[in-house]
Amino acid sequence: MPFSTPNRRDFMRAGAVGATATAALTLASTGGSAAATEKAPTTNLRWIDGKVPALHLGQSLGVPWPRGLYKTSQNFRLRDASGRDVPVQSWPLATWPDGSLKWSAHSIPAGETPAETYELQAGKPASPDSPVKLVEKADAITISIGPRQWVVPKQGGQLIASASVDGREVLRGLHLVAISQDQPDLSDTGSLTQRNFTSAIGKVTVEQSGPIRAVVKLEGSHRGTGADGLRDWLPFTVRLYFQAGAESVRVMHSFIFDGDENKDFIRGLGLRASVPLADAPHDRHIRFAGLDGGLWGEAVRPLTGLRRDPGKDYRAAQIAGQPIPPLSGMAETVSKRLDLIPSWGDFTLSQANADGFAITKRTKPGHGWIHAQSGQRAAGLGYVGGGTGGGTAFALSHFWESHPSRLDIRGANGELAEVTVWLWSPEAPAMDLRFYHDGMGIKDHPTEREALEITYEDYEEGWGRPYGIARTSELHFWSLPATPARDKLVQMAGAVRERPQLMCSPERLHAVPVFGDWALVDRSTPTRKLIEDQADFLLDLYQRQVEQRRWYGFWHYGDVMHSYDRDRHEWRYDIGGYAWANSELSPDLWLWYSFLRTGRGDVFRMAEAMTRHTGEVDVYHIGPYRGFGTRHGVQHWADSSKQPRISNAAYRRIYYFLSGGDERVGDLMRSLLGSEETLTRVDISRKLGKPPPTEVIAGFGTTWGSFLAMWLAEWERTGDKRWRDRILAGMNAIGRMKRGWFTGEAPFDLATGAFKDPGDQIGVSHLNAVFGAVEINSELLTLVDAPEYRKAWLEYCAFYNAPAAELRNLLGQDVKGRGLTESHSRLTAYAARQLGDQKLADRAWQEFLTGHAKAGYGLGMKLTHIDGAAVLHPVDENPAMSTNSTSQWGLAAFQNLALVGDRLEAVAAQLGPDAYRTKG
């Protein structure tokens, strides 16, 4: 075989090289002079969609800095391409081990005329013309931006008591609403009981107070409003974001399901507010936004289409949303009969699914609904208000993707209209979170293992509950002095629909060593081009699959399926553990590293949606499995395997820093701290026929490796060295073990984070390194001084894929459990780079190129179009497509290119294209 592994003697000799490298790492980690002399890299910011947006509602983003360059107190200034100073608010997000600034966050005002590019540099920031002013008193918080003011009570049920423009109230009493029922529908017993709930505020915290950005956090629960009791449930966190220059408040709404799924069925969930109306009914306007610039707009009392014509100027003004001219100039045939024209009070836009919405209206309760319009997908923005008296627009992000959703306007022909943004429409069937089968008589571990053999579902009675899962939604509420022009409303809808985002270029991000080993896009050689083309192909493939397979819905949007059924031309949505991916083998990281390399806006949004979903729905936030996630399955919570490999902070951390410290994602990572304690209740290996453990056992990769990410994130964010010490406790323990990483697992000390075993046994799993362990180790070994651990990790990297005889020579016995050779090629590449070993570098490319080809992921993959009677809708497929394979192909490709890219063409030439190209 032309590619081999250094033997034990060679590896130990290479350890001398490793010791030199470790010394260099130690210098860097203590803030040596080399780091301190870093110059500030040019930091240009550009829009990730490649175009300047017509409108943006405020921006926040994160920027990494070289070690030792800046203190956390550093000020920054921002200039646009013309050299004009742009107001910016900055704050530290993370530090290097020496305490210097690692990540900074920056926020700029909202605006209608953003620049194409900006440059960020050290210096004094410009001040905004209309800064955010926050005044906190004992009973309420008042936020002012220019002529706008919002009042946030500190107790009670209202998120916002009032919003006003120029002293005129345009929104009142924003609060949460929920409807529950005790069974899913009437078919079970012929009757059901519904209950109404509203928000009850428990705690209010000011997280930021301006001048560009203010953030207010409200925590509480939904409280029953009926006479049958004051039950509190569905705990929520709502953040209100106020941005200089913005006309709207951004609302991030998160809730946790803490009910009994067999009797607590959510029928409706939303946010509701009142809108005072003073204009005459013919000067009141209703708007709903469609996609691609479309807008539905009518007046409460229409003046067009009548038998008698009020006059062109009157019709034109009403259509434009402007006050009509004085009635004295209107044709008498109309003006004296205005009260005989029906006034429409109630309007609804209902998005029942991803392919259909309907707009209906009625004059008032007790009278019939009239169909107004329908279409496929709505943007999720509505408006109610007057031409002079003002009003409010309201919008829900990912409106049609997160169906069933609905926008309601009630009482628009009265003095006080009511608007409700339904996150779960009460028109839809009640939310049914019950387990999808009855257990099929499976009552013991042997039978559970038998079931796993046929459906790949890890079932165990009582473990497939949704108790503790969560969901986050993003909304906006505008305070407007008058009905906006139609084009402006379209711009507002677009700014929520695809939120404009500034970001550093991939080159600038790559210039600072963050997030481990990844390479920029490079098509300079033939095989590199093939790899880059396939990377684009796989991104396009999954974007197609999301749309063609309709991977949408309130609990689903952001996730993808796990495995494909080529016979049905369908993903295995109904087959046990083959259905929803739930982060299996790190699709989250594949998407984020794809974005880091390309800077593509469409990839950013796909990765963002996955981060939102997998961090909320696939993870338990309270209850017996707190801090753990659920393995892939037919329902996101159904599989009985609860593990930290799914809740892994590594899947949230990249987005957290790029987004400028998204507060909700920061909460999710921080809430994982202490979740090691869940190991005392969840024995991950309980079904393997082993005697029950007397101590907590932690696997090095899927468990401890996942804990590493949450400790690293907290250490970076706070500078608290106890998290570094917890990391080092485990590292040093593994470094002392006889078998090092090949030990696989060991008794774990919850108090210190160390392992308590000498590591005499050998335990190898193909899953240990594919849930972020490679990426997080690559980072950590540049941040901490752990020479024995580094040696153990390099040994594992060099020998995991080694020929059996060489591994037997190392460990003294044959080893089972190795797999995913092509995925682990990046471990081989890491060892090659660290040890300066060309033979390992060449072996890494052989493993990657030939291994993926054998699995159907050879270079040059193609799609086949399937239509006609074989499928319900035309689809594009590759029979080999698999989320596991896609994720691991991408991660291995990106890291191998970064680590041993210089050897790619030589190995490709030696292998020949037949060894690594897709056949047919």
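**Aromatic pairs in a predicted model**

I start with phenylalanine 197, which is buried at 3% relative accessibility; buried means under 20% relative accessible area, computed with a 1.4 Å probe on protein chains only. This is a predicted model, so local features need pLDDT of at least 70 and side-chain atom pairs count only at pLDDT 80 or more, while totals for chains, interfaces and linings use all residues. Residues are numbered from 1 along each chain as its sequence is written, and side-chain values use heavy atoms, without hydrogens and water.

The structure holds 46 aromatic pairs. Rings of Phe, Tyr and Trp (its six-membered ring) pair if their centres lie within 6.5 Å; planes under 30 degrees apart count as stacked, over 60 as edge-to-face and the rest as tilted.

Phenylalanine 197 and tryptophan 233 form a tilted pair, 5.6 Å centre to centre with 55° between the planes. Phenylalanine 197 is in strand E13 (residues 194-209) and tryptophan 233 in strand E15 (residues 232-243), 36 residues apart. Strands here are DSSP runs of E, at least two residues, and helices are runs of H or I, at least four, numbered from the N terminus. Tryptophan 233 is buried too, at a relative accessible area of 1%.

Next, tyrosine 542 and tryptophan 590: their ring centres are 5.5 Å apart and their planes at 70°, so this pair is edge-to-face. The pair joins helix H8 (residues 526-548), which holds tyrosine 542, to helix H9 (residues 587-598), which holds tryptophan 590. Both residues are buried.

Finally, ring pairs also link residues into a cluster, with Phe700, Trp741 and Tyr800 among them.

Terms used
Buried means under 20% relative accessible area, exposed over 50%, partly exposed in between (1.4 Å probe, protein chains only).
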